[in-house]
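Colleague: I have the model open on my screen. Could you walk me through it?

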Amino acid sequence: MKIAIAGKGGVGKTTLAGILARLFGQDGYSVIAIDADPDMNLASAIGIKNAPTPIIEHKKLIEDRAGIKGGVYKLNPKVDDIVDKYSAEGPDNVKLLVMGAVKKGGTGCYCPEASFLRALIRHTVTKRDEIIVMDMEAGIEHLGRGIADSVDAMIVVVEPGKRAIETAERVKQLANDIGIKNVFAVGNKISSKDEEEFIQKSLSESGIPLLGVIPFDLGLIKSDREEIPILDLDPDSEVIKSIKSIKERLIVENRGN
Ligand SMILES: Nc1ncnc2c1ncn2[C@@H]1O[C@H](COP(=O)(O)OP(=O)(O)OP(=O)(O)O)[C@@H](O)[C@H]1O
Ligand SMILES: [Mg+2]
């Protein structure tokens, strides 16, 4: 299963990605978590204190593999050894790969760095046997850049608000445009039955299946402050229970496809 997690800024993408990756790991799967957000913080959500150096910062490596030769850079650089050499080992059998931020020059970047990251993500998602959980940049602008088009499901995280739902609708549209058929939603930061119903109703109107909802929980804010994943701080919390059930639902949905 190769999953990308998208949504509006601050909705809880990284929180869900980190917990989901570890829960799959606890089930006995090998997992690769990919931090594809230029504003990297998946390491702390997983509970990795020393995050690996972002791939993009290995300048020499990228130059050697994708660098300019006679005025052109390689479109298919060698990337098959990168996960094993440059990822960090996290808890619960989760390996973390941090992509880093490509400096954008003008419209669309055709630099070797961007080409290398795209090739690496595509290779990791299509050629590795592990479960992949990829934490994406907020919003939708990046979705056409070839970063997520090889995943087999996209989860859009939504808060109970009109704007998050609108973003989800745009994510679904763009995901479908780039060939991802399975787009699911997860409701997060739910603090009342009304909010849950709002999300259910809005998503059903948008035709986006809801995998489940995660309650608003101050424990997550404490976990963020103390830099201890909630999975370690409070493994029996409602947040963890709800994400376990989301994971089960995802497995069932995936089997059906
Ligand atoms: N269910 C929840 N209850 C309370 N706080 C939450 C919940 N989910 C996430 N948060 C908090 O909301 C903040 C944003 O969460 P997170 O970083 O996971 O969102 P994000 O979508 O990855 O943000 P960004 O767009 O900046 O990458 C964090 O402080 C996190 O602890
Ligand atoms: Mg994030």
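Modeller: Start here: β9 and strand β10 (residues 210-215) pair in the parallel sense over 4 bridges. Strands pair if DSSP finds at least two bridges between them. Helices (H or I, at least four residues) and strands (E, at least two) are DSSP runs, numbered from the N terminus. This is a predicted model, where local features need pLDDT of at least 70, side-chain atom pairs count only at pLDDT 80 or more, and totals for chains, interfaces and linings use all residues. Residues are numbered from 1 along each chain as its sequence is written, while chains are lettered from A and ligands numbered from 1 in the order in which they are written.

Colleague: Which strand pairs with β9 over 5 bridges?

Modeller: The pairing is in the parallel sense. One bridge joins Met-154 to Val-183 in β9. The chain reaches β9 through helix α6 (residues 162-177), again in a right-handed β-α-β crossover. The partner strand is β8 (residues 153-158).

Colleague: How many residues of β9 are buried?

Modeller: Buried means 20 or more other C-beta atoms, placed from the backbone, within 10 Å of the residue's own; exposed means 12 or fewer, and partly exposed lies in between. β9 is mostly covered. The count is 8 of its 8 residues.

Colleague: Which are the edge strands of the open sheet?

Modeller: The sheet has 8 strands with mixed pairing. Their order is β5-β6-β2-β7-β1-β8-β9-β10. Each edge strand pairs on one side only: they are β5 (88-89) and β10.

Colleague: Which elements give two or more residues to the shell around ligand 1?

Modeller: A residue is near a molecule if its C-beta atom, placed from the backbone, lies within 6 Å of it. The shell around ligand 1 holds 19 residues, and the closest are Gly-12, Lys-13, Thr-14, Thr-15 and Ala-138. The elements are α1 (13-26), β9 (183-190) and α8 (218-226).

Technical notes
A crossover is right-handed if, with the strands pointing away from the viewer, the path from the first strand over the helix to the second runs clockwise.
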